[in-house]
Amino acid sequence: MSDPERAMLLSVHPRFATAILAGSKTVEVRRQRVAAPPGTPVLLYATAPTMALVGMARIASVRVGSPKEVWSAHRTQTGITRREYDAYMDGATQASGLTLEDPVSFDEPVPLSALRAAGTFPSAAELSLLAKC
C-alpha cells in the first residue's frame, strides 16, 4: 500500500464491511466529493455493534458526479438497493463512488476501546501487521 501516513478511514455498517472484505461490494458511495487518489489505503471501521477496525483495502479509482451519475456507473457494485441508495443520497447534490481493491481482513479486529486507550491512531503500515497474509 502506498504512503501509509495518508490512509483514509471509512466508517461503514458491519454488513458493508463484511461485503467489502469478501469482495462482493467493490464500490463505497459517499454523499460528498472524495479527493483521495488511487492507491490510497483505506482502513475499514465497522460501526455498532462491532465498533472496530476490521480490515483494509485500497482505492482503485474515484468517480465524482451527481448521485444519479454515480448510481448509473456503479449500481451493481454498491451492495445496496436503489431504495437504500436514494434514501442515503436524499438532498445530496454530489456523490462519490470509491472503487476498492485488494481487501484484507485483520486477523483480530482492533476495537474502538483499544484505539481510544492508545491515545493515537495507528498508521496503515502498523495496522497492516494485523492483516492476514
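Me: What ground rules apply here?
Reply: The model is predicted: local features need pLDDT of at least 70, side-chain atom pairs count only at pLDDT 80 or more, and totals for chains, interfaces and linings use all residues. Residues are numbered from 1 along each chain as its sequence is written, and side-chain values use heavy atoms, with hydrogens and water left out.

Me: In what order do the strands form the sheet?
Reply: Strands of a sheet pair through backbone hydrogen bonds, either parallel or antiparallel. Here 5 strands make an open sheet, ordered S1-S3-S4-S5-S2, with mixed pairing. Strands (E, at least two residues) and helices (H or I, at least four) are DSSP runs, numbered from the N terminus. Two strands pair if DSSP finds at least two bridges between them. S1 (8–12) and S2 stand at the edges with a single partner strand each, so one side of each lacks a neighbour in the sheet.

Me: Which residues of H2 are buried?
Reply: Buried means under 20% relative accessible area (1.4 Å probe, protein chains only). In H2 (residues 67–74), these are Pro-67, Val-70, Trp-71 and His-74. Seen down the axis of H2, they fall within an arc of 100°, so they line one face of the helix. The arc is taken from the directions from the helix axis to the C-beta atoms.

Me: What covers them?
Reply: The cover includes S2 (27–30), S4 (52–65), H3 (82–89) and S5 (95–111). Contact means heavy atoms within 4.5 Å.

Methods. Buried means under 20% relative accessible area, exposed over 50%, partly exposed in between (1.4 Å probe, protein chains only).
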